[in-house]
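Hi there,

Here is the structure I promised to pass on to you. Have a look at it first, and then read on for my notes.

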Amino acid sequence: MKRFVEGESRGQCTLLPECLDDYITENNPVRVVDVFVDELDLGKLDFEGVAPAATGRPAYHPAILLKLYIYGYLNRIQSSRRLEKESQRNVELMWLTGRLMPDFKTIANFRKDNGKAIRNVCRQFVLICRNLNLFTDAMVAIDGSKFKAVNNRDRNFTVAKIERRRQQIEESIARYLSALDTADRAEPEIAKAKTVRLNDKIALLKAQMEQLRDIETKLEATPDRQISLTDPDARSMATSGRGSGMVGYNVQTAVDTKHHLIVAHEVTNVGHDRSQLSNMATQALDAIGTERLIVAADRGYFRGEEIRACDQVGITTYLPKPMTSGAKANGRFDRADFIYDAQKNEYRCPADQALIWRYSTTEKAMLVHRYWSSHCQQCTLKEQCTPSPERRITRWEHESVIEALQRRLDQAPEMMRVRRQTVEHPFGTLKVWMGYTHFLTKTLDRVSTEMSLHVLAYNIKRLIAILGIEGVIQAVRG
Ligand code: SF4
């Protein structure tokens, strides 16, 4: 066995034993975790147990448990049981915690009881990045992605799902009853065995039917007519894949376009992005600490009120309008073919006729104006325009905000490419780190804490990639 690299004997004693610090090189990321947590004012960030209790068994300092978690999320060890094991065998963790080995319950309780504080730590790291002037471009891309909850699809109920399940059970009962009839005609011994088995199955299905009735009663009392039995906050959501859906959460992020750091994030249980634009953009504006911000998002965020809300606080938006025009789909003129003349307050149609203002009304709590022309009946282009007696155009009172957005987008079409390149990478990375599985915790509050730990780990890795280990340690120390 010569000519191979040989290890030391397990029984070999050394005169001068190595210390733990010898195993942790100067450029080991675990040093960033250590310095970052040591520099935090945990009391100010709302952590429990910063001051030791006067009586009882001494507790672990929150800094130890926070270091343990940040290390875990940086190294894809998110479960408290696995963290307990790692703290007993992993040299980096022994170095980080001073060989403390808390049990999994203590580790899990820390994450459960310090949700708000952990989210504050995530914000604190963004503040460090801001102080390093990494957000000078003041431009973010906003996107949402669905993440699975602990809740199985079969344990989530909507009105439609209950109806479908009831039909399936009724069909199964009918099938078993007809099988019972057939069994009656078989040999007595076989018939007896079959009858017992089929009756058991029918009884089970009837019990399920009863359970469905109970769930239906509870469903009536919920505001969004939906119940999840394992994680009560998880919701059934459609995903981009046709016919697919999941029970989970919608995670929103605002990612800076220059360094791809996650500036702001929020976990919601609303299955669409329509009401999220101004919320996420304002959070990003606060986190970056500028007066003005440029935001790019996809068409799922398009909503007049949200775009206007951004406009009012100095946020410039770039997002395309959803393609929902029925007229265009049917080969007729699109709404965009009608040009608005602000001075005259009228539209010009493709036949160069004026569509004048007729009346105003309120629709879905928005003031809208209606315009049409009196020439439609004689128009030679009417076939291509409308099947109705005249083509009516509806204009929202703040439509100019949407028109300004369209002009911006026409002048900067590359913004949509920038958006795609920016936001899709963090979500892809986070899902790989999670192992394409569900969240480990239940309820919106705890899931938000879990996501904050993922985002913190992601941002730490990004900053290390930008500045290097030494650079991050210096930056954290200020
Ligand atoms: S049908 Fe009416 S609105 Fe349409 S092109 Fe003709 S005149 Fe214009």
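Below is what turned up, starting with a pair of helices and moving on to the aromatic rings.

One thing to keep in mind throughout is that this is a predicted model.

Have a look at helix H1 (residues 30-39) and helix H15 (residues 444-477). Their axes come within 10 Å and cross at roughly 80°, so H1 and H15 are roughly perpendicular to each other. On the H1 side, the residues that meet H15 are Arg31, Val32, Val35, Phe36 and Glu39. Their partners in H15 are Leu456, Ile460, Ile464, Ile469, Val472, Ile473, Val476 and Arg477. By type, the residues of this contact between H1 and H15 divide into 10 nonpolar and three charged, with no polar ones.

**A histidine in a loop**

His259 is found in the loop between strand E5 (245-256) and strand E6 (262-268). Is His259 buried or exposed? Its relative accessible area is 17%, and because the cut-off for buried is under 20%, His259 counts as buried. Setting aside neighbours within four places in sequence, His259 is in contact with Leu134, Arg462 and Ile466.

**Aromatic pairs**

The model has 12 aromatic pairs. One of them joins Tyr69 and Phe110: the ring centres are 6.2 Å apart and the planes are at 20°, so this pair is stacked. Tyr69 belongs to helix H2 (residues 62-74) and Phe110 to helix H5 (residues 104-113), so the pair ties together parts that are 41 residues apart in sequence. Tyr69 is buried at 0% relative accessibility, and Phe110 is buried too, with a relative accessible area of 5%.

Tyr347 and Tyr371 form an edge-to-face pair, at 5.2 Å centre to centre with 75° between the planes. Tyr347 lies in strand E10 (residues 346-348) and Tyr371 in strand E12 (residues 366-372), so here the parts tied together are 24 residues apart in sequence. Tyr347 is buried, with a relative accessible area of 1%, and Tyr371 is buried at 0% relative accessibility.

Which residues do ring pairs link into a cluster? They are Phe47, Tyr69, Tyr73 and Phe110, so you will meet the stacked pair of Tyr69 and Phe110 again there.

**Charges over rings**

Finally, there are two places to look at where a charge sits over a ring. The charged end of Arg81 is over the ring of Phe104, 3.9 Å from its centre. Lys431 lies over the face of Phe147, at 4.7 Å from the ring centre.

Definitions and conventions: Residues numbered from 1 in each chain as written. Predicted model: local features only at pLDDT ≥ 70, side-chain atom pairs only at ≥ 80, totals over all residues. Heavy atoms only, no water. Axes fitted to C-alpha atoms, helices over the stretch in contact; angles between N-to-C directions. Helix = DSSP H or I, 4+ residues; strand = E, 2+ residues; numbered from the N terminus. Parallel < 35°, antiparallel > 145°, perpendicular 65-115°, else oblique. Contact = heavy atoms within 4.5 Å. Nonpolar A, V, L, I, M, F, W, Y, C, P; charged D, E, K, R; others polar. Buried < 20%, exposed > 50% of the residue type's maximum accessible area, 1.4 Å probe, protein only. Phe/Tyr/Trp six-rings, centres within 6.5 Å; stacked < 30°, edge-to-face > 60°. Lys NZ or Arg CZ within 6 Å of the ring centre and 35° of its normal.
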